[in-house]
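Subject: Structure for your review, with notes

Dear colleague,

Please find the structure below, followed by my notes on it. I would be grateful if you could read them with the coordinates open.

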Amino acid sequence: MPESLRRIVVENSDDISKSWLEEIEKKKEDDYTSTISNELYQTTNREFVNVIFSSINRQRNTTALNDFSERLINLGWPLSYITDGLQTFRRVTIDFILSQSEKVDSENLSRILSVVDDWVEPIINQLVNEYSGSWENTVSLQRLALQELSAPLIPVMENITIMPLIGTIDTERAKLIMENLLEGVIKHNSEVVLIDITGVPVVDTMVAHHIIQAAEAVRLIGATCILVGIRPEIAQTIVNLGIDLSKFPTKSSLRKGFNTALKITNREVVELTKEKEKELTAILDSLK
Amino acid sequence: MSKTQSCVHIKKEWDIVGARQMGREKAKELGFGTVNQARIATAISELARNIYLYAGTGKISYEVVNDMNKLGLKIIASDDGPGIADISKSMEDGFSTSGGLGAGLPGVKRLMDDFDIESEEGKGTTITAIKWVRK
């Protein structure tokens, strides 16, 4: 039975392909693929139907299938194109087989259905697996990338270190911030650490709690923590939430925080005036 | 009275980010200023985090309310979690059962204009908060 069905389907592949292509063409109008050019859509459809038939014909020809799915993934086509396409293929094939055989009783019908399912399902499974595999890969890569930029520590000057935070802080990241902060303070022998939250979109109690804890831990190892980059709207939400940040200094901008840090470390920014420059050139000249 | 409802399900920690992003977008559409957008996003963040911490799963719903010529955004946080044993205590500043700051719920009340909390032990919690657009 499966063999005879296979023969019918393969022999009439042109007819089935034709009606399948017609059905798929109709789908294009109303949904996801509307941005894809007609030409590309048609060639891909033709290729898709060829891949399906070769898979039915030669049973497990995985390389063609792999190549095809890889290309679709690279092009960024939605998964629904594949699932819809195979659903349609199943319907068209069953319709075709039924129209070929004169009378079909219920037992035969269910057998036909299961044979067609046996052809289509492995293809669906494989393509879906390819897709989800590529997504999982992307997600894990992005997670790694995110982790890499999650809590950088920059020693800008002797004894002064800056940690710029950008983006959402979740529990995992909060832990990293604390670890990197303490490790960095010891390693760079910092007296002052500036935590810059200009790029943190929302400061809720959890984020505030973690920052307070980090600052407290920094204080314990003998350094000072200054929170900088508090935007006006963040300041207002912090006040509304009733969070007490009075235990450590806070500043609106990194520049102000940096000046405070210089003061703490007994330094200041001195502008070189013309006279001093002259003096310097005089000294340099005398050295010649 | 109300129209256009949508919701975000809270299952993972990152859903909190999705919930407040959605809230911020809705607030922007309604014409809230940046400070109120930040207030709404922070309130949603607190509510969503409470769901994630205490109930595990739940959802945040958004509703545009139009009441007596006032336009507002209604946030409904609901879960089927353990419920809150002592609501009046949970609204006190500095009270927390999880070692947090204890500023979440009273903070949300101050961030928003209207605030209502319904909870039954063992059944779950529903918190409704509204922010009105000032004309």
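What percentage of the 135 residues in chain B do buried residues make up? The share is 36%, where a residue is called buried if 20 or more other C-beta atoms lie within 10 Å of its own, exposed if 12 or fewer do, and partly exposed in between, with C-beta atoms placed from the backbone.

Before the rest, two notes on conventions. This is a predicted model, in which local features need pLDDT of at least 70 and side-chain atom pairs count only at pLDDT 80 or more, while totals for chains, interfaces and linings use all residues. Residues are numbered from 1 along each chain as its sequence is written, and chains are lettered from A and ligands numbered from 1 in the order in which they are written.

Chain B and its interface

Chain B has 4 helices and 5 strands, taken as DSSP runs numbered from the N terminus (helices H or I, at least four residues; strands E, at least two), and their order along the sequence is β-α-α-β-β-α-α-β-β. Of the contacts in chain B between residues at least 6 apart in sequence, 64% join residues at least 24 apart, a contact being a pair of residues whose C-beta atoms, placed from the backbone, lie within 7 Å.

Between the chains, 22 residues of chain B are in contact with 17 residues of chain A. On the chain B side, the elements that give two or more residues are α1 (13–30), α2 (34–55) and α4 (104–111) of chain B, and the largest share, 9 residues, comes from α2(B).

The nonpolar cores

A nonpolar core here is a set of buried Ala, Val, Leu, Ile, Met, Phe, Trp, Tyr and Cys residues joined through C-beta atoms within 7 Å. The largest has 64 residues, of which A:Val193, A:Ile195, B:Leu47 and B:Ala48 touch the most other members, and α2(B) gives this core its largest share, 9 residues. Leaving aside neighbours within four places in sequence, A:Val193 is in contact with residues including A:Met163, A:Leu181, A:Val218 and A:Cys225.

Strand β3 (residues 192–199) of chain A is mostly covered, with 6 of its 8 residues buried. Strand β2 (residues 160–166) of chain A runs parallel to β3(A) and is joined to it by 6 bridges, and A:Ile166 stands opposite A:Gly199 in β3(A).

Helix α4 (residues 62–75) of chain A has 14 residues, which at 1.5 Å a residue should span 20 Å, in agreement with the 20 Å between its end C-alpha atoms; the expected span is 1.5 Å times one less than the number of residues. Its buried residues are A:Phe68, A:Ser69 and A:Leu72. Seen down the axis of α4(A), the buried residues fall within an arc of 95°, so they line one face of the helix, the arc being that of the directions from the helix axis to the C-beta atoms. On the other side of α4(A), A:Thr63, A:Asp67, A:Glu70, A:Arg71 and A:Asn74 are exposed. The buried residues of α4(A) pack against α3 (38–57), α5 (79–100) and α6 (106–148) of chain A, and just after α4(A), A:Gly76 takes a positive phi of about 80°.

With best regards

Methods
Contact = placed C-beta atoms within 7 Å. Pairing = 2+ DSSP bridges.
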